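Please consult the sequence and the coordinates alongside the text.

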Amino acid sequence: MKWITARRRHPLAGYVVVLLALAVFGVGYAALAPNAERAEAQVLAAQSSGPEEGAVDISEGRDIWNRSCASCHGETGGGSGNAPDITTSGGAAIDFQVSTGRMPSSDPDSQMPRKYPAFSRSEIDNLIAFYNQEIGKGPAVPTDVPGDAPLREDFESEEAYEKASEEYQAEYDAYIAGADDVEAGMKLYLANCAHCHSWSGAGGGLTGGHWAPELTDATPRQIYEAMVTGPGQMPVFNDLAINPDDKQELIAYVKDLQAEPDAGGVFALNRVGQVAEGLIGWTVGLTLIIACAIWITAKQRAHD
């Protein structure tokens, strides 16, 4: 106590107290704030089974629904206390939520991060077919937009996998090249998406402990489905708000954005945005200048 009492009148004591308070506040917020990793830790990972060949299997889709969806959304999709009514969500919403691994969820009260899907592509198709036949209707899966890239585990031979990959790549390249004006897509993105997902697509925090996810791994189809279904806190951008051609241009811009290298080097800030990065640089620089001024003043006082 005598050590503290003797030094509390030191010229630098006030600055030390302020720095300690800021450090405690920052560490406390970082420890308590919700994030994707913390939500992911709450998720019970499901094991996916192998795909089935041939046409869609409604009975398998029904089994998946009863096993993994009905407990929260109800047998008829009408929802419950911890899950919404999805009878008007459409196959596009089912495909988006399941193909991104956000559903099924073991914690419906928390926002789910993207993770490896619990079901294979054929199982998801079967689930969507069952939904369309017996549960509800709404925005359909945009089958003309490239979806998931083929996975080797879904094919019996390397030749079949390579053929499917080549076909997918050709479809993907044709869709991206088909965008007439990527600059228009950039303007659409900056006007409608960047304020939540950030200018670089790295995502960002929202109110109420939610966050806008990063777009790094989103496929063109998932981006399109998100626009027409509005998952979570995201508004719906139907074809009257942004027509399919404009959606294609926006998606092409996002895919170009994903391919851009991060030039931040060892001091990268996850590409949070020019304004935020400039503010951080300005704050750090100003802090160093103030620290130098305090140090010079203290040295001068000691000399005097």
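Where is Leu215 found? Leu215 lies in the loop between strand E2 (211-212) and helix H11 (220-229). The model under discussion is predicted.

**Overall composition**

The protein has 13 helices and 2 strands. It comprises 304 residues, of which 33% count as buried. When contacts between residues at least 6 apart in sequence are considered, 65% of them join residues at least 24 apart.

Leu215 has a relative accessible area of 14%. Since buried means under 20%, Leu215 is classed as buried. Leaving aside residues up to four places away in sequence, Leu215 touches Tyr189, His197, Gly201, Val254 and Gln258. With Val254, 39 residues apart along the chain, the C-alpha separation is 7.9 Å.

Thr219 is also found in the loop between E2 and H11. Its relative accessibility is 11%, so Thr219 counts as buried. With residues up to four places away in sequence again not counted, Thr219 touches Pro146, Gly147, Asp148 and Lys255.

**Aromatic pairs**

A pair of aromatic rings is described by the distance of the centres and the angle of the planes. The search of the whole structure finds 4 aromatic pairs. Two of these are set out below.

| Pair | Centre to centre | Angle between planes | Class |
|---|---|---|---|
| Trp65 and Phe130 | 6.1 Å | 50° | tilted |
| Tyr189 and Tyr253 | 5.7 Å | 55° | tilted |

Why is the pair of Trp65 and Phe130 tilted? Planes under 30 degrees apart count as stacked and those over 60 as edge-to-face; the planes of Trp65 and Phe130 stand at 50°, so the pair is tilted. Trp65 belongs to helix H4 (residues 58-68) and Phe130 to helix H7 (residues 121-135), and the pair thus links parts of the chain 65 residues apart. Trp65 is buried at 2% relative accessibility, and Phe130 is buried with a relative accessible area of 3%.

Tyr189 lies in helix H9 (residues 182-192) and Tyr253 in helix H12 (residues 244-259), so their pair ties together parts 64 residues apart in sequence. Both Tyr189 and Tyr253 are buried.

A charge over a ring is found elsewhere: the charged end of Lys247 sits over the ring of Tyr224, 5.6 Å from the ring centre.

**Helix H7**

H7 has 15 residues, which at 1.5 Å a residue should span 21 Å; the end C-alpha atoms of H7 are 20 Å apart, in agreement with that value. Buried residues in H7 include Ser122, Glu123, Asn126, Phe130 and Tyr131. The cover of the buried residues of H7 includes H4 and helix H6 (90-99).

**Packing of H9 and H12**

Two packed helices are described by the angle between their axes and the distance between the axes. How are H9 and H12 placed, roughly parallel or roughly perpendicular? Their axes come within 7 Å and cross at roughly 85°. Angles of 65 to 115 degrees count as roughly perpendicular, and H9 is therefore roughly perpendicular to H12.

On the H9 side, the residues that meet H12 are Val182, Ala184, Gly185, Met186, Leu188 and Tyr189. Their counterparts in H12 include Asp246, Glu249, Tyr253 and Val254. Tyr189 and Tyr253, which form the tilted pair, are thus among the residues through which H9 and H12 meet. Tyr189 and Val254 are also among the residues that Leu215 touches.

Methods. Residues numbered from 1 in each chain as written. Predicted model: local features only at pLDDT ≥ 70, side-chain atom pairs only at ≥ 80, totals over all residues. Heavy atoms only, no water. Phe/Tyr/Trp six-rings, centres within 6.5 Å; stacked < 30°, edge-to-face > 60°. Helix = DSSP H or I, 4+ residues; strand = E, 2+ residues; numbered from the N terminus. Buried < 20%, exposed > 50% of the residue type's maximum accessible area, 1.4 Å probe, protein only. Lys NZ or Arg CZ within 6 Å of the ring centre and 35° of its normal. Contact = heavy atoms within 4.5 Å. Expected span 1.5 Å × (residues − 1). Axes fitted to C-alpha atoms, helices over the stretch in contact; angles between N-to-C directions. Parallel < 35°, antiparallel > 145°, perpendicular 65-115°, else oblique.
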